[in-house]
Amino acid sequence: MRAFITTGLGLVLACALSWPAGAQTVSVPARGQTTPVGTVADDAADDPAIWRDRRNPEKSLIVGTDKKAGLYVYRLSGESVHFTPAGRVNNVDLLDLGSRGVLVVASDRNDPARALLKLYRLNTRSGALAAVGEAEGGAGEAYGVCLAVIDRQVHVFSVLKDGQVVQVRIDLSKASASGTPVRTLRVPSQAEGCVIDPRTATLYVGEEAAGVWTFDARPGGPTDGRLALKVDNVQLTADVEGLALLPTGRTGGWLVVSSQGDNAYALYRLPDLAPAGRFRIAGGALGSTEETDGIALAPGRFSRTYPDGIFVAQDGDNTPDAQNFKLASWAEILKAVRAAAP
């Protein structure tokens, strides 16, 4: 993800946890939620991304998609501070480039035969998004998107519904940003979620019916992937949806996968991808999450409520209101998982 902060709790757990088959799925409460998206009575909220304000973490922002209408920007309180009409934008990711600003990229599926990448800059004070350009994302329907700096250049991976993954190099040197496709990867069937570990240049892609694939994310790397995590209906249940990654140290940390078929999240230890637990968002006053599509995870202190990382998940059933995004304490999740480990 963006700001890589090693946490003591994360290191202890990364070294200690191993999750046996059939172990329990723990529940943790949502500690916050966003206002519902504007599209009511429909499957609309989809994918979040987190920007952490290093100077004043309580002023951090969450960008979320209404895949029928556009992009929202939220405060940690859940208040919506900005909306950008953009039609059918499916997934979103962002990258803090320091002096060059915060780049936000959304997958645009307004034309199901032509995937586009919509590029924005995030005003971190007001929460406003300003369009700065677009790039071709491949021939087909846009679904997933993730980005990282690889070999000192910004690269975006455009995941198409049919399993194509188009790697695009982004040029931010001019007033209008643009992109150049550099290669195409593929998984066998419908895909969506993706995330990159820039430390190891590893791309993780979720194939909804099968599991999670790994690829070399370097533009000159091999194009063959490996099905590293398989749907087994114990640790991971189809559909495989959102992916999120939190690194600790040089190679450690966590990969989280939305196990949509049983309303849970599967946790894996990096770098070996050993199963490390399962959890659900449930049991609190704000309700549970069901049928989660996109997820996001960011390290560091955000507030007293989120003292050591924050986890954000799309809620596919926020009845009686429209869909929204739920926020949970990452420290609380890890504590619950640790307590359940034998």
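Colleague: Which strand gives the largest share of the lining of the largest cavity?

Modeller: In this predicted model, the largest cavity has a volume of about 170 Å³, and 21 residues line it, with D47, V145, C194, L243 and I295 the closest to its centre. Two or more lining residues come from each of strand 3 (45–51), strand 7 (89–96), strand 11, strand 15 (191–197), strand 19 (240–248) and strand 23. The largest share, four residues, is given by strand 15.

Colleague: How many nonpolar residues does the lining of the largest cavity have?

Modeller: The structure holds three cavities of 30 Å³ or more, and the question concerns the largest, at about 170 Å³. Sorted by class, its lining has six charged residues and four polar ones, and the nonpolar residues number eleven.

Colleague: How many salt bridges does the model have?

Modeller: The criterion is a side-chain nitrogen of Lys or Arg within 4 Å of a carboxyl oxygen of Asp or Glu. The pair of D293 and K67, at 3.9 Å from N to O, is one that meets it. By this rule the count comes to 15.

Colleague: How many residues apart in sequence are the parts that D293 and K67 tie together?

Modeller: The side chains of D293 and K67 meet in a salt bridge, at 3.9 Å from N to O. D293 belongs to the loop between strand 22 (274–281) and strand 23 (295–298), whereas K67 belongs to the loop between strand 4 (61–66) and strand 5 (70–75), so the parts that this pair ties together are separated in sequence by 226 residues.

Colleague: Are D293 and K67 buried or exposed?

Modeller: The cut-off matters here, since buried means under 20% relative accessible area and exposed means over 50%. Both partners, D293 and K67, fall in one class, and that class is buried.

Colleague: Where does R109, the salt-bridge partner of E141, lie in the chain?

Modeller: E141 and R109 form a salt bridge in which the closest N and O atoms are 2.7 Å apart. The pair links distant parts of the chain, 32 residues apart, with E141 in the loop between strand 10 (129–138) and strand 11 (142–150), and R109 in the loop between strand 8 (102–108) and strand 9 (115–122). E141 is buried, and R109 is buried as well. The place asked for is thus the loop between strand 8 and strand 9.

Colleague: Why does R280 count as partly exposed?

Modeller: R280 forms a salt bridge with D262, the closest N and O atoms being 3.9 Å apart. R280 lies in strand 22 and D262 in the loop between strand 20 (252–259) and strand 21 (264–270), so the pair ties together parts that are 18 residues apart in sequence. R280 counts as partly exposed because its relative accessibility is 27%.

Colleague: What is the average twist from one strand to the next in the open sheet with the order 3-4-5-6?

Modeller: This sheet has four strands with antiparallel pairing, and its edges are strand 3 and strand 6 (80–85). Strand 4 and strand 5 pair over six bridges, and G64 stands opposite Y72 in strand 5. From one strand to the next, the twist of the sheet averages 20°.

Colleague: Through how many residues does a hairpin join strand 13 to strand 14?

Modeller: Strand 13 (residues 164–171) and strand 14 (residues 178–186) pair in the antiparallel sense over eight bridges. Within this pairing, Q167 stands opposite R183 in strand 14. The number of residues through which the hairpin joins strand 13 to strand 14 is six.

Terms used:
Residues are numbered from 1 along each chain as its sequence is written. This is a predicted model: local features need pLDDT of at least 70, side-chain atom pairs count only at pLDDT 80 or more; totals for chains, interfaces and linings use all residues. Side-chain values use heavy atoms; hydrogens and water are left out. Buried means under 20% relative accessible area, exposed over 50%, partly exposed in between (1.4 Å probe, protein chains only). On a 1 Å grid over the protein atoms alone, a cavity is a set of points where a 1.4 Å probe fits but cannot get out, and a pocket is an open set with protein on both sides within 12 Å along at least five of seven lines; lining residues have an atom within 4 Å of a point. Grid points are joined across faces, edges and corners, and a volume is the space filled by probe spheres set on the points. Ala, Val, Leu, Ile, Met, Phe, Trp, Tyr, Cys and Pro count as nonpolar, Asp, Glu, Lys and Arg as charged, and the others, Gly among them, as polar. Two strands pair if DSSP finds at least two bridges between them. Axes are lines fitted to C-alpha atoms, for helices over the stretch in contact, and angles run from 0 to 180 degrees between N-to-C directions.
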